[in-house]
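Biologist: Could you take one part of this model and give me a close look at it? I'd like a single connected walk-through, with the cut-offs spelled out.

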Amino acid sequence: METAGLVLLLLFGLLNLWVFHRFKKPLLPLVLALFTSFLVYFLSPVLGLLVFLIGQTLAFYAAGKR
């Protein structure tokens, strides 16, 4: 189950990086959210996925404001 969660985290993380790069949005908030979620994921997979979702939401919100 943890492997499936990690695969989803990687898949959506790479997809979001591609979208941000394609539309010329700032990558720093997204990269920080991904890095933090990977660190937290190895402590607790459920919290890691939660941090990933919150981080992605905040990164997209910050990108939309610019």
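What I want to start from is Asn 16: does it count as buried or exposed, and at what relative accessibility?

Modeller: Asn 16 counts as buried, at 11% relative accessibility (buried is under 20% relative accessible area, exposed over 50%, partly exposed in between, with a 1.4 Å probe and protein chains only). Some ground rules before going on. This is a predicted model, where local features need pLDDT of at least 70 and side-chain atom pairs count only at pLDDT 80 or more, while totals for chains, interfaces and linings use all residues. Numbering runs from 1 along each chain as its sequence is written, and side-chain values use heavy atoms, with hydrogens and water left out. The chain's average pLDDT is 88, and 98% of the residues score at least 70 (pLDDT being the predictor's confidence in each residue, from 0 to 100).

Back to Asn 16, which sits in helix H1 (helices are DSSP runs of H or I with at least four residues, strands are runs of E with at least two, and both are numbered from the N terminus). Leaving out residues up to four places away in sequence, Asn 16 touches Leu 30, Phe 52, Gln 56 and Phe 60, where contact means heavy atoms within 4.5 Å.

Asn 16 is also part of the meeting of H1 with H3. On the H1 side, the residues include Leu 9, Phe 12, Gly 13, Asn 16 and Phe 20; on the H3 side, they include Leu 49, Phe 52, Gln 56 and Phe 60. H1 and H3 pack at about 10°, with axes 10 Å apart (axes are lines fitted to C-alpha atoms, for helices over the stretch in contact, and angles run from 0 to 180 degrees between N-to-C directions). That makes H1 roughly parallel to H3 (under 35 degrees is roughly parallel, over 145 roughly antiparallel, 65 to 115 roughly perpendicular, and the rest oblique). By class, the contact of H1 with H3 has nine nonpolar, five polar and one charged residues; Ala, Val, Leu, Ile, Met, Phe, Trp, Tyr, Cys and Pro count as nonpolar, Asp, Glu, Lys and Arg as charged, and the others, Gly among them, as polar.

Now the rings. The count comes to two aromatic pairs (rings of Phe, Tyr and Trp, the last by its six-membered ring, pair if their centres lie within 6.5 Å; planes under 30 degrees apart are stacked, over 60 edge-to-face, and the rest tilted). Phe 20 and Phe 60 make an edge-to-face pair, 4.8 Å centre to centre with 80° between the planes. Phe 20 lies in H1 (residues 2–22) and Phe 60 in H3 (residues 45–65), so this pair ties together parts that are 40 residues apart in sequence. Phe 20 is buried at 2% relative accessible area, whereas Phe 60 is partly exposed at 37%. The other pair, Tyr 41 with Phe 42, is edge-to-face too, at 5.8 Å and 85°. Tyr 41 is buried at 4%, but Phe 42 is exposed at 64%.

As for H2 (residues 28–43), this helix packs with H3 at about 170°, axes 7 Å apart, which makes H2 roughly antiparallel to H3. Contact residues include Leu 30 and Tyr 41 of H2, plus Phe 52 and Gln 56 of H3. This contact divides into 13 nonpolar, five polar and no charged residues.
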